[in-house]
Number of protein chains: 2
Amino acid sequence: MTTFSAALATPDLGGLGERVTAALDEFLDDRAGWLGDIGPDLAPVAATVRDFVLDGGKRLRPAFAYWGWRGVGGPDGEEIVRAVACLELLHAGALVHDDLMDASETRRGAPSVHRRFASLHRRAGWRGSPDAFGAAGAILLGDLCLVWADTMLAGSGLPAEGLMRAIPVYHEMRAELMAGQYLDVLAQATGGAGPAGALRVAQRVARYKSAKYTVERPLHLGAALAGGSEPALAAYTAYGLPLGEAFQLRDDLLGVFGDPAETGKPAGDDLREGKRTALVALTLERTDRAGAVTMRRLLGDPDLDAGGVAELREVIVASGAAGAVEELIAERTSRALAALAAAPITRQAHDTLAALAVAATARRV
Amino acid sequence: MTTFSAALATPDLGGLGERVTAALDEFLDDRAGWLGDIGPDLAPVAATVRDFVLDGGKRLRPAFAYWGWRGVGGPDGEEIVRAVACLELLHAGALVHDDLMDASETRRGAPSVHRRFASLHRRAGWRGSPDAFGAAGAILLGDLCLVWADTMLAGSGLPAEGLMRAIPVYHEMRAELMAGQYLDVLAQATGGAGPAGALRVAQRVARYKSAKYTVERPLHLGAALAGGSEPALAAYTAYGLPLGEAFQLRDDLLGVFGDPAETGKPAGDDLREGKRTALVALTLERTDRAGAVTMRRLLGDPDLDAGGVAELREVIVASGAAGAVEELIAERTSRALAALAAAPITRQAHDTLAALAVAATARRV
């Protein structure tokens, strides 16, 4: 099993991750100067965005967007790297808001942004509630990341014609992300509608939050920038949707079984948050009465300890759901690869997207 | 004293407010259909955006943007009305996030968006905390409004050339808004740095949150869409910044002395939130020792009652700060009108922007 970072270092991807990071570095340097001109007290905002965006992330969405462009004949260049790097800023904004909504303490092994602003308040001994200040900082920093993503795309240096073609795709992707996030929050609140309903609900969330947002739309964005044909866009959908679903299913497994040293998140975090994933839905569908009682008792308990995590893991494995999810991942990944084989795209894009499919679904982070 | 709504109904503005509302109605209808296609459980999101955006708002930013366009020779048309209406969606997103950060219970006389989502959760008897669900709903709905604002601008039907010129202005305006909001939150936390520092801090917040965001940038956006000249843009700045400052100073007075029946906000809401406005800064600079003690004791007390509001109002008036702010409003408004008189713009735009200046600074809402 290769981690994604390992795959990213292969010559196939041509150091794209590093080039994306360099483009973000340059852009954020410029924006930090802009914030500094307004006032030195905005320095923590600039520093927090930098740390968050430069220190982590698999650069997966930029990779799909870049190869979406290359696949339909777009040439390599710094302009397209800058354009696709904007997706990391968009994703940063979404994660900052997501961590606040989930009250997550950490992200990528470091304190989450709302925790960072709360600490700033506490250390300075300011008035009012540190947590309220932390929440406000995270809301505004997330908003700023969303705005800066657009700024980076528009200022990428790509011709106006391509940008105008891509902007509707970009808007659609962002609105789908927000809708998917809301459905996710809603599913946690309602707990789905019985086991069968829960699986359907989890799959719809996965479709919008992952399949479209992480894979299909980035590919479409790159293709639209380059003026790709309708058949190429359709092939990207046929490859992207099952792959994105497999990606989310891997995420579900990592949220329960992932190694905190690798994921940067506490063990069993999704269980503590009570996330209604396909993995959870399949467990509820397949487990026996005792397992169902354990799930009801522990899932979503914010104080769940290591013993509780272990207990839930056992139910999930014993029910057969963990194995079933591995099978689903394999099936969806092969379906994506089959669609890719038939796609009217360049040879190099084909080979890289095949490698990306494997890396994105076999990762440990 | 005319309220803004009264001014908006004058023939000078040609029913622009109603046309903006109609454009928003049509756009949101289309978007509600889009959300409905994803799932019927997204209906509360669509309904809440509609209620929030269609039921209120002075349509001030669209008016400035529209007349920024007309002033440099842009023709009337439904495309420009759709383009400027996007500013109401942007503003809605900012207000929804702002109300959450301030923990405001109401907005425009109705429950704030996070309260609405919390009630939805409570009525349905869902699992988890209604307040956490309310916060998540408000964060995502605000994000969605920010995205939809861009979608509406890009899909306005205006030519790509104008949009490409305007987009950098639009991005700058949004980033300035976020920066101004952060400075505002920070000022409430730090309480400013002594009375003199507090006035400087309040003026900087007002510059970004109001002067640029409410007046100057909307004018620039309209002018950029129409391809306006540099001297016209400079004239809009010379008119917009003092007018925007006057607008914020009026807001400061309304936040303390406004009539809840007209503002739709509880009496003295800014005092309860401890907003560090120029009015508060001037009071601290001018009041006697007893007044300073009262201010320290009551300002920012979340449980401040009618008696406390009255006590603070008395200190503010007795210090001379309320009168000084009225004088500042008059001075800034005349400065804006003088700049307008010299602006190289159309006669009709001149007359309407003069009327808008009076309406925006003499309003009671």
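Biologist: Which residue forms a salt bridge with Asp269(A)?

Modeller: Asp269(A) pairs with Arg272(A), and their closest N and O atoms are 3.2 Å apart, where a salt bridge is a side-chain nitrogen of Lys or Arg within 4 Å of a carboxyl oxygen of Asp or Glu. This is a predicted model, in which local features need pLDDT of at least 70 and side-chain atom pairs count only at pLDDT 80 or more, while totals for chains, interfaces and linings use all residues. Residues are numbered from 1 along each chain as its sequence is written, chains are lettered from A and ligands numbered from 1 in the order in which they are written, and side-chain values use heavy atoms, with hydrogens and water left out.

Biologist: Where do Asp269(A) and Arg272(A) lie?

Modeller: Both are in helix 12 of chain A, 3 residues apart, about one turn of the helix; helices (H or I, at least four residues) and strands (E, at least two) are DSSP runs, numbered from the N terminus.

Biologist: And Asp269(A), buried or exposed?

Modeller: Asp269(A) counts as buried at 11% relative accessibility, and Arg272(A) is buried as well, at 19%. Buried means under 20% relative accessible area, exposed over 50%, and partly exposed in between, with a 1.4 Å probe and protein chains only.

Biologist: Which residues are linked in a network of salt bridges?

Modeller: Asp102(A), Asp184(A), Lys209(A), Glu273(A) and Lys275(A) are linked in that way.

Biologist: What about Asp184(B), what is it in contact with?

Modeller: Leaving aside neighbours within four places in sequence, Asp184(B) is in contact (heavy atoms within 4.5 Å) with Val205(B), Lys209(B) and Lys275(B). Asp184(B) lies in helix 8 of chain B, residues 160-190, and is buried, with a relative accessible area of 8%. Gly180(B) is also found in helix 8 of chain B, is buried at 0% relative accessibility, and touches Val205(B), Tyr208(B) and Lys209(B), again not counting residues up to four places away.

Biologist: Switching to the interface, how many residues of chain A are in contact with chain B?

Modeller: There are 52 residues of chain A in contact with 52 residues of chain B. The area buried between the two chains is about 4700 Å², of which carbon and sulfur atoms give 73%; buried area is the accessible area (1.4 Å probe) that two parts lose on being put together, summed over both.

Biologist: Which salt bridge does Asp150(B) form?

Modeller: Asp150(B) forms one with Arg174(A), the closest N and O atoms being 2.8 Å apart.
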